[in-house]
Structure formats: C-alpha cells, structure tokens
Amino acid sequence: MKVFRRIFLPVLCVCAFLTACLENNKGRTEASDNRDVELDAATAGDALCIRPITGPEVVSSPNQHIDHIVPRAAIDQALLDAFDESLRYDLLYPYYPIAEDTYGGFVEDRGSTWTLHQNNDKYVVAQARYTWTAAKASLFYADDPPRAAIYRNSAAVGFEFLTRMWGQNYDGLTGIALMSDRDGSNGRVGNKKDLVVYGHAFAIYAAATYFDASGDPAALDFAVDGYSFLDDYGHDSTYGGYYVTAGNTDKDTNVNLHVLEALIALYHAMPTSHTLRSEVASRISELLVHLHDDAIHCESGTDCFAYPVMDRDWTASDNSVSFGHDVELAFLMVDAMVILGQNPLNSPFIKKIKNMIDFTFTHAGYRSDGGLYYTGIYSGGSITVTENRLAWWPQAEALGTLCMMRMLVPGDPFYSDKMSLT
C-alpha cells in the first residue's frame with residue numbers, strides 16, 4: 001500500500017525550523033496573563049526581544065528568514081534532541097539518496113516498509129518538494145560536508161528532472177507540465193488552461209533554493225523563467241494575485257500562498273543587482289495586501305479565517321474554512337514581511353494574522369490532544385467541522401506556525417503550550 005507519497009516534506013521544513021530557531025536554550029521570559037497581546041509599534045522592540053530592522057536586509061542563512069530578527073527562545077533539550085533525531089533518521093536518511101530514480105528525479109511512493117514504488121506518472125509538486133528539501137538539508141548541515149554533499153547531489157538530480165518537465169509547448173505556450181511520464185517526458189497538458197499556477201510555484205520554489213545551495217546559475221535562470229511565465233499568464237493585473245491556471249480566473253488561497261512562498265525563495269536567491277528583483281518584491285507586497293485585505297475574513301472581531309476559494313475579484317461564496325491553510329498562510333505572510341526587511345511586529349497586518357492563528361487553535365477544529373482537523377464551516381460565532389480526518393500536513397503547518405508565534409510573543413505561554421501539545 002502506498003502510504004508515504006508527499007508525506008514528509010513540510011514536516012521536514014518544520015523540523016528544520018524548530019531545530020534552527022529553538023536550539024539556543026536561553027532563560028525564558030516570564031509568561032503574561034494577557035491573551036490579547038498588543039502587537040504594534042508601541043510594544044515591539046526590547047519588550048518582546050525583537051531587533052527592529054531597516055532596509056532590505058537579507059541574511060544568507062539555511063534557516064527560515066525569521067531567525068534574522070527574533071532571538072532563539074528557550075526549549076527543553078530533550079525536545080530538541082527528539083527534533084534532531086526525527087529530522088535525521090525519520091525524514092532524511094530514508095530518502096536521500098535512496099529515493100533517487102534511475103529514470104531521473106525521485107520515486108514518489110514508498111510502501112509501509114519503505115519499499116520503492118513508482119508508476120509511470122510523476123508530479124511536479126512532489127519532484128519540486130523533494131528537490132527543495134534536499135537543497136535545504138545541504139544548507140542546514142553545512143558543518144557536516146560529506147552529509148551536505150549527499151543532499152546537494154540529490155538536489156541536483158531533482159533540479160535536472162524539473163528541467164525536463166519545462167519546455168513542452170501547449171497552445172503556443174511553453175511551461176511546466178503538472179504531470180509527466182516517469183522519465184519527465186510526455187507532459188500531461190492539453191492546452192493552456194491546464195498549465196497550473198500551483199505547479200509552477202513549486203518549481204520556482206525548488207529551483208531558487210537549489211541555487212542558494214549550489215550556486216548553479218541555471219537554477220536561478222529556471223526560477224526567473226518560471227516567474228516570468230506566471231507574471232505573463234497567471235497574474236491578475238486588474239484585481240491582483242494569481243489565477244488557478246493560465247486559463248482560469250478564479251482565485252484560490254492555497255495557490256496564492258504557494259506563489260507567495262515561491263516569490264520569497266526567488267527574492268532571497270536573487271542578487272541585489274538583478275533587474276527583476278524589485279518587481280518580485282512588488283509582487284510579494286501585492287500578495288500581502290490582498291491576502292490580508294481580501295482572503296482573510298474576520299466575521300466577528302477576532303474570529304478570523306481565510307476563504308479557501310474565491311471569484312476573480314476575491315469574493316467568496318461561502319464560509320468554508322481550511323484549518324491547515326490558515327496557519328500555513330499566517331506563517332508565510334510573516335516570512336514575506338521579514339524577507340522584505342520589515343519587522344512583523346510593526347506591521348499593520350500582524351493583528352489580523354495573530355487573530356487567525358489564535359482562532360485556529362481555540363475553535364472546534366483543534367483537538368484537545370493537539371491534532372488539527374481538515375475543514376469546517378463558520379456560522380454564528382463557531383466552527384462546525386466538516387472533515388475530521390487528521391491529515392499529515394495540517395499538523396506540520398500547525399507546528400511550524402506555533403513555533404513562529406512562540407518566537408514573536410515569547411511571554412505568552414499559549415503558543416509554547418500548544419507547540420508542545422501539537
């Protein structure tokens with residue numbers, strides 16, 4: 001039975017984030033009794049251990065960008081050791097280089113005993129995530145050159161496969177196929193309406209991070225070409241944001257948050273002299289505004305959540321809630337602010353983001369044992385869970401976002417308690 005397809009990748013991101021940001025076991029700030037912590041300029045700075053930054057500072061780091069402005073908080077060493085062991089032995093060693101496929105790229109499916117399985121189709125999102133993870137791991141373990149080399153070599157295998165999925169001509173467009181044969185040929189695209197923005201975003205994200213790890217100029221060129229395609233065929237110049245496909249003008253929060261993720265990685269990888277860097281920064285800023293103003297909705301004060309699917313003008317048709325996407329969106333919006341050189345605690349966006357996070361971890365979608373359900377409907381001040389499966393990725397996104405909030409608001413035990421529970 002195929003049980004591991006695309007299962008470990010965001011979890012790896014979370015483990016790397018936790019290990020990087022929480023390993024310095026400093027004395028912990030005394031907890032505050034006030035849940036409604038003010039997060040504006042008046043409370044930013046020394047009171048919350050935040051070093052305000054000015055200008056487009058970008059620090060070359062294998063870790064998430066937020067550790068540039070937030071000190072690493074205290075954490076129990078036993079938990080750190082557990083993170084480290086899981087990162088190495090549960091997530092990385094079983095995949096690299098073992099999952100490299102003789103046909104190119106990576107085998108996407110693993111049996112319950114880690115047996116390799118692969119049918120004739122490969123998925124660009126999975127291939128991109130495998131590539132990104134290997135590149136990130138090579139940076140994270142830079143102090144272990146032999147191990148870093150293994151991950152960097154695997155990232156090179158993944159990047160080469162992504163280049164095979166690019167360049168096929170559909171309705172006069174040249175883009176990245178969502179699916180292909182096992183060797184990267186015969187892309188599963190019939191026309192431009194099938195050129196999925198989501199897949200392009202992940203390919204950009206992987207290639208930009210591989211460039212960070214390797215310095216291969218072809219990787220940056222690939223990421224820039226992917227961005228140019230999205231800007232030409234996926235970007236909405238009238239209402240802002242990105243479409244679901246090159247021929248579909250609907251808006252989807254998941255698509256736009258992953259485009260934001262891709263643009264963050266691309267902006268970080270670009271030399272400051274790159275001619276498109278300021279344009280990429282502008283697109284990041286545009287997405288921040290629309291995600292804050294249009295996608296995130298506050299029904300009654302602090303009951304905030306993001307509409308999963310909207311019309312072209314960002315109008316939603318119902319009050320559906322996707323719990324994992326809400327916390328993932330919050331994490332990426334803060335990361336976007338930081339990559340642009342902004343202190344998130346000084347941002348006009350942070351209160352709404354914090355309300356969305358707090359709401360996620362206090363409504364019925366969050367279980368008393370730390371599990372996060374899949375979807376729900378908001379009505380009358382409460383959430384009714386509509387899908388109660390405990391999928392892997394909402395748990396991972398929840399963990400990373402709680403870690404981030406624990407760093408931003410170190411005096412509030414709500415986030416550290418939920419982080420340990422999750």
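## Ground rules

The model is predicted, so local features need pLDDT of at least 70, side-chain atom pairs count only at pLDDT 80 or more, and totals for chains, interfaces and linings use all residues. Residues are numbered from 1 along each chain as its sequence is written, and side-chain values use heavy atoms, with hydrogens and water left out.

## Overview

The protein has 12 helices and 14 strands. Helices (H or I, at least four residues) and strands (E, at least two) are DSSP runs, numbered from the N terminus. Of the 422 residues in the protein, 58% are buried. Buried means under 20% relative accessible area, exposed over 50%, and partly exposed in between (1.4 Å probe, protein chains only). Contact means heavy atoms within 4.5 Å. Among contacts with a separation of 6 or more, 66% join residues 24 or more positions apart.

## Two helix pairs

Two packed helices are described by the angle between their axes and the distance between the axes. Axes are lines fitted to C-alpha atoms, for helices over the stretch in contact, and angles run from 0 to 180 degrees between N-to-C directions.

| Helix pair | Angle | Axis distance |
|---|---|---|
| Helix 3 (residues 124-140) and helix 4 (residues 145-165) | about 150° | 7 Å |
| Helix 5 (residues 197-214) and helix 7 (residues 253-269) | roughly 25° | within 8 Å |

The angle of about 150° makes helix 3 roughly antiparallel to helix 4. Helix 5 and helix 7 are roughly parallel to each other. The cut-offs are these: angles under 35 degrees count as roughly parallel, over 145 as roughly antiparallel, 65 to 115 as roughly perpendicular and the rest as oblique.

The crossing of helix 3 and helix 4 is left-handed. The crossing of helix 5 and helix 7 is left-handed too. A crossing is left-handed if the near helix is turned anticlockwise from the far one by less than a right angle, and right-handed if clockwise.

Which residues bring helix 3 and helix 4 together? On the helix 3 side they include Val 124, Gln 127, Ala 128 and Thr 131. On the helix 4 side they include Ala 148, Tyr 151, Arg 152 and Met 165. This contact holds 12 nonpolar, five polar and one charged residue. Ala, Val, Leu, Ile, Met, Phe, Trp, Tyr, Cys and Pro count as nonpolar, Asp, Glu, Lys and Arg as charged, and the others, Gly among them, as polar.

In the other pair, helix 5 contributes residues including Val 197, Tyr 198, Phe 202 and Asp 212. Helix 7 answers with residues including Asn 254, His 258, Glu 261 and Ala 269. By class, the contact of helix 5 with helix 7 has 14 nonpolar, four polar and two charged residues.

## Two open sheets

Two strands pair if DSSP finds at least two bridges between them.

Strand 12 pairs with strand 13 (residues 375-379) over three bridges. Here Ser 322 stands opposite Thr 375.

Strand 13 and strand 14 pair over five bridges. Thr 375 stands opposite Glu 387 in strand 14. The two strands form a hairpin with two residues between them. In the turn, Gly 380 has a positive phi of about 60°.

Another open sheet has three strands in the order 7-8-11, and its pairing is antiparallel. Strand 7 (243-245) and strand 11 (309-310) are the edge strands, each pairing on one side only. Strand 7 and strand 8 (residues 248-252) pair over two bridges. Thr 245 has Asn 248 in strand 8 as its bridge partner.

## Buried parts

Is Leu 291 buried or exposed? Leu 291 is buried, with a relative accessible area of 0%. Leu 291 lies in helix 8 (residues 277-295). Leaving out residues up to four places away in sequence, Leu 291 touches Asn 256, Leu 260, Ile 296, Trp 314, Leu 329 and Met 333.

Nine of the 11 residues of helix 10 (residues 350-360) are buried, so helix 10 is largely enclosed by the rest of the structure. Among them are Ile 350, Lys 352, Asp 358 and Phe 359.
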